[in-house]
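Here is a short report on one protein model. It begins with a single residue pair and then widens to the whole chain.

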Amino acid sequence: MGIHGLAKLIADVAPAAIKENDIKSYFGRKVAVDASMCIYQFLIAVRQDGNTLQNEHGIKPVYVFDGKPPELKSGELAKRSERRAEAEKQLEAAQEAGEVENIEKFNKRLVKVTKQHNEECKKLLKLMGIPYVDAPCEAEATCAALVKAGKVYAAATEDMDALTFGTPTLLRHLTASEAKKLPIQEIQLSRALQGIGITQEQFVDLCILLGSDYCETIRGIGPKRAIELVRQHKTIEEVLDNIDLKKYPVPENWLYKEARQLFIHPEVVETESVDLKWTDPNEEELVSYMCGEKQFNEDRIRNGAKKLVKQRQGSTQGRLEDFFKVTGSISSSKRKETELKGSAKKKAKTASTPKGKFKKGK
(Lines give C-alpha, C1' and ligand atoms only; values in the text may rest on other atoms or scores of the structure.)
Protein backbone atom coordinates (compact mmCIF):
# COMPACT_ATOMS: atom_id res chain seq x y z
CA MET A 1 0.00 0.00 0.00
CA GLY A 2 2.82 2.44 0.80
CA ILE A 3 2.00 5.98 1.95
CA HIS A 4 -1.49 7.43 1.33
CA GLY A 5 -1.47 10.33 -1.13
CA LEU A 6 2.31 10.82 -1.09
CA ALA A 7 2.78 10.63 -4.87
CA LYS A 8 0.19 13.36 -5.44
CA LEU A 9 1.55 15.48 -2.61
CA ILE A 10 5.07 15.46 -4.10
CA ALA A 11 3.69 16.16 -7.58
CA ASP A 12 1.74 19.16 -6.23
CA VAL A 13 4.26 20.61 -3.77
CA ALA A 14 7.64 19.52 -5.17
CA PRO A 15 7.13 18.85 -8.90
CA ALA A 16 10.86 19.34 -9.62
CA ALA A 17 11.47 16.08 -7.73
CA ILE A 18 9.69 14.05 -10.41
CA LYS A 19 10.73 13.45 -14.00
CA GLU A 20 9.56 10.96 -16.60
CA ASN A 21 11.99 8.99 -18.74
CA ASP A 22 11.86 6.38 -21.44
CA ILE A 23 12.97 2.97 -20.20
CA LYS A 24 15.91 3.05 -22.63
CA SER A 25 17.45 5.94 -20.70
CA TYR A 26 18.28 3.48 -17.90
CA PHE A 27 20.66 1.47 -20.08
CA GLY A 28 23.43 -0.01 -17.95
CA ARG A 29 21.78 0.98 -14.67
CA LYS A 30 21.70 -1.43 -11.74
CA VAL A 31 18.28 -1.35 -10.10
CA ALA A 32 16.90 -3.03 -6.96
CA VAL A 33 13.41 -4.29 -7.81
CA ASP A 34 10.70 -5.10 -5.27
CA ALA A 35 10.01 -8.69 -6.41
CA SER A 36 6.46 -8.87 -5.04
CA MET A 37 5.45 -6.01 -7.34
CA CYS A 38 6.31 -7.82 -10.55
CA ILE A 39 6.07 -11.53 -9.81
CA TYR A 40 2.76 -12.00 -11.62
CA GLN A 41 3.77 -9.81 -14.55
CA PHE A 42 6.78 -12.08 -14.78
CA LEU A 43 4.69 -15.25 -14.90
CA ILE A 44 2.35 -13.79 -17.54
CA ALA A 45 5.17 -12.42 -19.69
CA VAL A 46 7.16 -15.65 -19.63
CA ARG A 47 4.09 -17.53 -20.78
CA GLN A 48 3.70 -15.05 -23.66
CA ASP A 49 7.24 -14.80 -24.97
CA GLY A 50 9.55 -16.76 -22.71
CA ASN A 51 11.59 -13.64 -22.02
CA THR A 52 11.21 -11.48 -18.95
CA LEU A 53 12.81 -10.63 -15.61
CA GLN A 54 15.79 -9.78 -17.76
CA ASN A 55 18.02 -6.76 -18.01
CA GLU A 56 15.60 -5.21 -20.48
CA HIS A 57 17.09 -2.36 -22.50
CA GLY A 58 20.38 -3.03 -20.74
CA ILE A 59 18.96 -2.57 -17.23
CA LYS A 60 20.63 -4.85 -14.68
CA PRO A 61 18.02 -5.78 -12.06
CA VAL A 62 18.52 -7.36 -8.68
CA TYR A 63 15.25 -8.72 -7.30
CA VAL A 64 14.57 -8.24 -3.59
CA PHE A 65 12.16 -10.64 -1.87
CA ASP A 66 10.20 -9.84 1.28
CA GLY A 67 11.17 -11.47 4.56
CA LYS A 68 8.98 -11.69 7.64
CA PRO A 69 6.51 -8.82 8.01
CA PRO A 70 7.13 -6.51 10.99
CA GLU A 71 4.84 -6.86 13.99
CA LEU A 72 3.47 -3.38 13.32
CA LYS A 73 2.05 -4.61 10.03
CA SER A 74 -0.25 -7.18 11.65
CA GLY A 75 -3.20 -4.79 11.68
CA GLU A 76 -2.82 -4.02 7.97
CA LEU A 77 -2.49 -7.74 7.15
CA ALA A 78 -5.69 -8.45 9.07
CA LYS A 79 -7.50 -5.79 7.03
CA ARG A 80 -6.19 -7.36 3.83
CA SER A 81 -7.54 -10.74 4.91
CA GLU A 82 -10.96 -9.16 5.48
CA ARG A 83 -10.86 -7.52 2.05
CA ARG A 84 -9.87 -10.84 0.51
CA ALA A 85 -12.81 -12.62 2.15
CA GLU A 86 -15.16 -9.91 0.86
CA ALA A 87 -13.68 -10.21 -2.65
CA GLU A 88 -14.35 -13.98 -2.59
CA LYS A 89 -18.02 -13.33 -1.84
CA GLN A 90 -18.24 -10.72 -4.60
CA LEU A 91 -16.55 -13.10 -7.05
CA GLU A 92 -19.10 -15.82 -6.32
CA ALA A 93 -21.94 -13.35 -6.90
CA ALA A 94 -20.38 -12.15 -10.17
CA GLN A 95 -19.92 -15.73 -11.38
CA GLU A 96 -23.56 -16.56 -10.64
CA ALA A 97 -24.66 -13.42 -12.50
CA GLY A 98 -22.27 -14.06 -15.39
CA GLU A 99 -20.66 -10.61 -15.05
CA VAL A 100 -17.44 -11.07 -17.00
CA GLU A 101 -15.82 -7.72 -16.07
CA ASN A 102 -16.53 -8.16 -12.37
CA ILE A 103 -15.26 -11.75 -12.46
CA GLU A 104 -11.93 -10.51 -13.85
CA LYS A 105 -11.80 -7.62 -11.34
CA PHE A 106 -12.40 -9.79 -8.28
CA ASN A 107 -10.07 -12.52 -9.52
CA LYS A 108 -7.25 -9.95 -9.60
CA ARG A 109 -8.04 -8.93 -6.02
CA LEU A 110 -7.67 -12.54 -4.93
CA VAL A 111 -4.20 -12.96 -6.44
CA LYS A 112 -1.73 -13.79 -3.67
CA VAL A 113 1.99 -14.41 -3.83
CA THR A 114 2.78 -17.71 -2.14
CA LYS A 115 6.03 -19.09 -0.79
CA GLN A 116 6.08 -21.54 -3.71
CA HIS A 117 5.81 -18.68 -6.21
CA ASN A 118 8.80 -16.99 -4.58
CA GLU A 119 10.92 -20.14 -4.57
CA GLU A 120 10.12 -20.88 -8.23
CA CYS A 121 11.04 -17.31 -9.19
CA LYS A 122 14.32 -17.53 -7.30
CA LYS A 123 15.21 -20.77 -9.07
CA LEU A 124 14.42 -19.22 -12.44
CA LEU A 125 16.41 -16.06 -11.66
CA LYS A 126 19.42 -18.20 -10.74
CA LEU A 127 19.17 -20.09 -14.04
CA MET A 128 18.87 -16.77 -15.88
CA GLY A 129 22.00 -15.39 -14.23
CA ILE A 130 20.15 -12.60 -12.44
CA PRO A 131 20.97 -11.90 -8.77
CA TYR A 132 18.38 -11.72 -6.03
CA VAL A 133 18.43 -10.78 -2.35
CA ASP A 134 16.35 -12.17 0.50
CA ALA A 135 15.38 -9.23 2.69
CA PRO A 136 15.11 -9.99 6.41
CA CYS A 137 11.94 -7.88 6.56
CA GLU A 138 10.33 -5.41 4.12
CA ALA A 139 11.71 -5.57 0.57
CA GLU A 140 11.37 -1.79 0.04
CA ALA A 141 13.60 -1.13 3.04
CA THR A 142 16.36 -3.37 1.72
CA CYS A 143 15.98 -1.85 -1.77
CA ALA A 144 16.52 1.58 -0.18
CA ALA A 145 19.56 0.31 1.74
CA LEU A 146 21.15 -1.03 -1.46
CA VAL A 147 20.72 2.37 -3.12
CA LYS A 148 22.15 4.24 -0.13
CA ALA A 149 25.13 1.86 -0.08
CA GLY A 150 25.85 2.59 -3.75
CA LYS A 151 25.21 -1.01 -4.81
CA VAL A 152 22.48 0.06 -7.27
CA TYR A 153 21.23 3.28 -8.87
CA ALA A 154 17.60 3.18 -7.70
CA ALA A 155 14.83 1.24 -6.00
CA ALA A 156 12.04 0.13 -8.33
CA THR A 157 8.65 -0.31 -6.68
CA GLU A 158 5.17 1.19 -6.72
CA ASP A 159 5.23 1.59 -2.93
CA MET A 160 6.05 5.19 -2.06
CA ASP A 161 7.33 4.17 1.37
CA ALA A 162 10.65 3.32 -0.30
CA LEU A 163 11.21 7.09 -0.01
CA THR A 164 10.23 7.00 3.67
CA PHE A 165 12.85 4.27 4.14
CA GLY A 166 15.30 6.72 2.60
CA THR A 167 16.02 5.62 -0.96
CA PRO A 168 17.68 8.57 -2.73
CA THR A 169 16.09 7.56 -6.04
CA LEU A 170 12.78 5.80 -6.67
CA LEU A 171 11.61 4.40 -10.00
CA ARG A 172 7.89 3.75 -10.50
CA HIS A 173 6.19 1.91 -13.40
CA LEU A 174 9.44 0.11 -14.29
CA THR A 175 7.95 -3.37 -14.40
CA ALA A 176 4.79 -2.19 -16.18
CA SER A 177 6.47 0.23 -18.56
CA GLU A 178 6.57 -2.02 -21.61
CA ALA A 179 3.18 -3.68 -21.16
CA LYS A 180 1.23 -0.50 -20.37
CA LYS A 181 3.34 1.86 -22.52
CA LEU A 182 4.05 4.08 -19.51
CA PRO A 183 7.11 6.28 -19.02
CA ILE A 184 9.31 5.55 -16.03
CA GLN A 185 8.60 7.96 -13.19
CA GLU A 186 11.80 8.87 -11.35
CA ILE A 187 11.56 10.61 -7.98
CA GLN A 188 14.58 12.17 -6.28
CA LEU A 189 14.21 12.25 -2.50
CA SER A 190 16.55 15.22 -1.96
CA ARG A 191 14.54 17.38 -4.36
CA ALA A 192 11.29 16.29 -2.73
CA LEU A 193 12.57 17.31 0.70
CA GLN A 194 13.83 20.60 -0.68
CA GLY A 195 10.54 21.33 -2.42
CA ILE A 196 8.44 20.48 0.63
CA GLY A 197 10.86 22.33 2.91
CA ILE A 198 11.47 19.64 5.52
CA THR A 199 14.20 17.24 6.68
CA GLN A 200 14.19 13.45 6.23
CA GLU A 201 13.16 12.96 9.88
CA GLN A 202 10.27 15.39 9.42
CA PHE A 203 9.38 13.61 6.17
CA VAL A 204 9.02 10.36 8.10
CA ASP A 205 6.59 12.03 10.52
CA LEU A 206 4.69 13.50 7.56
CA CYS A 207 4.33 10.03 6.05
CA ILE A 208 3.02 8.66 9.33
CA LEU A 209 0.40 11.41 9.43
CA LEU A 210 -0.56 10.66 5.81
CA GLY A 211 -1.04 6.97 6.58
CA SER A 212 1.16 3.88 6.26
CA ASP A 213 0.96 0.12 6.73
CA TYR A 214 2.27 0.35 10.28
CA CYS A 215 -0.10 2.49 12.35
CA GLU A 216 -3.38 4.36 12.21
CA THR A 217 -3.75 8.05 11.37
CA ILE A 218 -5.32 11.03 13.11
CA ARG A 219 -8.86 11.35 11.83
CA GLY A 220 -9.52 14.66 10.07
CA ILE A 221 -5.92 15.42 9.09
CA GLY A 222 -5.50 15.15 5.33
CA PRO A 223 -2.40 15.75 3.18
CA LYS A 224 -2.69 19.55 3.07
CA ARG A 225 -3.18 19.89 6.83
CA ALA A 226 -0.46 17.31 7.54
CA ILE A 227 2.18 19.19 5.58
CA GLU A 228 1.22 22.49 7.24
CA LEU A 229 1.51 20.94 10.69
CA VAL A 230 4.90 19.32 10.05
CA ARG A 231 6.32 22.49 8.52
CA GLN A 232 5.16 24.50 11.53
CA HIS A 233 5.76 22.09 14.42
CA LYS A 234 8.52 19.80 13.03
CA THR A 235 7.58 16.63 15.00
CA ILE A 236 4.45 14.63 15.75
CA GLU A 237 4.97 15.30 19.47
CA GLU A 238 4.80 19.04 18.86
CA VAL A 239 1.82 18.58 16.53
CA LEU A 240 -0.07 16.75 19.30
CA ASP A 241 0.73 19.59 21.73
CA ASN A 242 -0.70 22.20 19.35
CA ILE A 243 -3.87 20.75 17.82
CA ASP A 244 -7.41 20.47 19.12
CA LEU A 245 -7.55 16.82 20.18
CA LYS A 246 -11.36 16.92 20.27
CA LYS A 247 -11.45 18.01 16.64
CA TYR A 248 -8.60 15.70 15.68
CA PRO A 249 -8.93 12.58 17.88
CA VAL A 250 -5.73 10.57 18.23
CA PRO A 251 -6.04 6.75 17.92
CA GLU A 252 -5.92 4.87 21.21
CA ASN A 253 -2.45 3.42 21.89
CA TRP A 254 -1.16 5.14 18.77
CA LEU A 255 2.11 3.47 17.73
CA TYR A 256 3.58 6.38 15.80
CA LYS A 257 6.91 6.21 17.68
CA GLU A 258 7.33 2.56 16.77
CA ALA A 259 6.45 3.31 13.14
CA ARG A 260 9.00 6.14 13.12
CA GLN A 261 11.71 3.81 14.39
CA LEU A 262 10.80 1.21 11.79
CA PHE A 263 11.23 3.76 8.99
CA ILE A 264 14.44 5.31 10.34
CA HIS A 265 16.10 2.08 11.53
CA PRO A 266 14.53 -0.73 9.46
CA GLU A 267 15.73 -4.30 9.52
CA VAL A 268 17.66 -4.67 6.26
CA VAL A 269 20.27 -6.90 4.68
CA GLU A 270 23.96 -6.30 5.50
CA THR A 271 24.81 -4.40 2.33
CA GLU A 272 28.58 -4.87 2.75
CA SER A 273 28.14 -8.61 2.28
CA VAL A 274 25.98 -8.27 -0.86
CA ASP A 275 27.95 -9.19 -3.97
CA LEU A 276 25.85 -8.59 -7.07
CA LYS A 277 26.86 -10.53 -10.18
CA TRP A 278 25.03 -10.86 -13.48
CA THR A 279 26.07 -13.91 -15.51
CA ASP A 280 25.01 -15.60 -18.74
CA PRO A 281 21.95 -17.82 -18.41
CA ASN A 282 22.31 -21.59 -18.20
CA GLU A 283 20.36 -22.33 -21.37
CA GLU A 284 20.19 -26.11 -21.05
CA GLU A 285 19.04 -26.06 -17.43
CA LEU A 286 16.55 -23.33 -18.29
CA VAL A 287 15.08 -25.51 -21.02
CA SER A 288 15.02 -28.51 -18.70
CA TYR A 289 13.21 -26.57 -15.97
CA MET A 290 10.85 -24.44 -18.03
CA CYS A 291 10.03 -26.99 -20.72
CA GLY A 292 10.52 -30.28 -18.91
CA GLU A 293 8.85 -29.28 -15.64
CA LYS A 294 6.67 -26.30 -16.57
CA GLN A 295 5.68 -27.25 -20.12
CA PHE A 296 6.77 -24.01 -21.81
CA ASN A 297 7.63 -23.75 -25.49
CA GLU A 298 11.30 -24.67 -26.03
CA ASP A 299 11.91 -22.24 -28.91
CA ARG A 300 10.68 -19.33 -26.82
CA ILE A 301 12.89 -20.27 -23.87
CA ARG A 302 15.99 -20.67 -26.07
CA ASN A 303 15.28 -17.38 -27.86
CA GLY A 304 14.81 -15.68 -24.50
CA ALA A 305 18.16 -17.03 -23.26
CA LYS A 306 19.93 -15.76 -26.39
CA LYS A 307 18.37 -12.31 -25.97
CA LEU A 308 19.58 -12.23 -22.38
CA VAL A 309 23.14 -12.99 -23.48
CA LYS A 310 23.02 -10.33 -26.21
CA GLN A 311 21.61 -7.66 -23.92
CA ARG A 312 24.06 -8.48 -21.15
CA GLN A 313 26.97 -8.10 -23.56
CA GLY A 314 25.58 -4.71 -24.56
CA SER A 315 25.05 -3.53 -20.99
CA THR A 316 28.60 -4.42 -19.95
CA GLN A 317 29.80 -1.54 -22.12
CA GLY A 318 28.54 0.64 -19.28
CA ARG A 319 27.29 4.19 -19.16
CA LEU A 320 29.40 7.09 -20.38
CA GLU A 321 29.50 8.83 -16.98
CA ASP A 322 30.92 5.67 -15.40
CA PHE A 323 34.03 6.03 -17.56
CA PHE A 324 34.46 9.81 -17.45
CA LYS A 325 34.21 10.99 -13.86
CA VAL A 326 34.80 14.66 -12.99
CA THR A 327 37.65 14.84 -10.46
CA GLY A 328 37.74 18.63 -10.20
CA SER A 329 37.86 21.78 -12.28
CA ILE A 330 40.65 24.21 -13.01
CA SER A 331 39.84 27.70 -11.78
CA SER A 332 40.37 30.65 -14.09
CA SER A 333 43.42 31.78 -12.12
CA LYS A 334 44.93 28.30 -12.22
CA ARG A 335 44.18 28.01 -15.92
CA LYS A 336 45.86 31.39 -16.52
CA GLU A 337 48.86 30.32 -14.45
CA THR A 338 49.17 27.12 -16.47
CA GLU A 339 48.94 29.04 -19.74
CA LEU A 340 51.64 31.52 -18.59
CA LYS A 341 53.96 28.68 -17.60
CA GLY A 342 53.44 27.08 -20.98
CA SER A 343 54.17 30.39 -22.71
CA ALA A 344 57.34 30.91 -20.67
CA LYS A 345 58.60 27.43 -21.57
CA LYS A 346 57.99 28.14 -25.24
CA LYS A 347 59.93 31.42 -25.07
CA ALA A 348 62.79 29.74 -23.25
CA LYS A 349 63.00 27.05 -25.89
CA THR A 350 62.99 29.66 -28.66
CA ALA A 351 65.73 31.67 -26.91
CA SER A 352 67.98 28.60 -26.63
CA THR A 353 67.98 28.14 -30.39
CA PRO A 354 71.00 29.94 -32.00
CA LYS A 355 69.95 32.81 -34.20
CA GLY A 356 70.35 32.20 -37.87
CA LYS A 357 70.83 28.47 -37.42
CA PHE A 358 68.29 27.69 -40.08
CA LYS A 359 69.19 30.60 -42.33
CA LYS A 360 71.20 30.17 -45.48
CA GLY A 361 74.66 31.68 -45.39
CA LYS A 362 75.55 34.65 -47.62
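## A facing pair

V64 stands opposite V133 in β4. Strand β4 covers residues 132–134, runs parallel to β3 and is joined to β3 by 3 bridges. Strands are DSSP runs of E with at least two residues, helices are runs of H or I with at least four, and both are numbered from the N terminus. Two strands pair if DSSP finds at least two bridges between them.

## Model and numbering

The model is predicted: local features need pLDDT of at least 70, side-chain atom pairs count only at pLDDT 80 or more, and totals for chains, interfaces and linings use all residues. Residues are numbered from 1 along each chain as its sequence is written, and side-chain values use heavy atoms, with hydrogens and water left out.

## Strand β3

Buried means under 20% relative accessible area (1.4 Å probe, protein chains only). K60, V62 and V64 point one way. P61, Y63 and F65 point the other way.

Strand β3 also pairs with β2, residues 30–34. These two strands are parallel and share 5 bridges. Here K30 stands opposite K60 in β3.

## The whole protein

The protein has 17 helices and 7 strands. Of its 362 residues, 43% are buried. Its accessible surface is about 21200 Å² (Shrake-Rupley method, 1.4 Å probe). Carbon and sulfur atoms hold 50% of that surface.

Contact means heavy atoms within 4.5 Å. Among contacts with a separation of 6 or more, 71% link residues 24 or more positions apart.

Definitions and conventions: Buried < 20%, exposed > 50% of the residue type's maximum accessible area, 1.4 Å probe, protein only.
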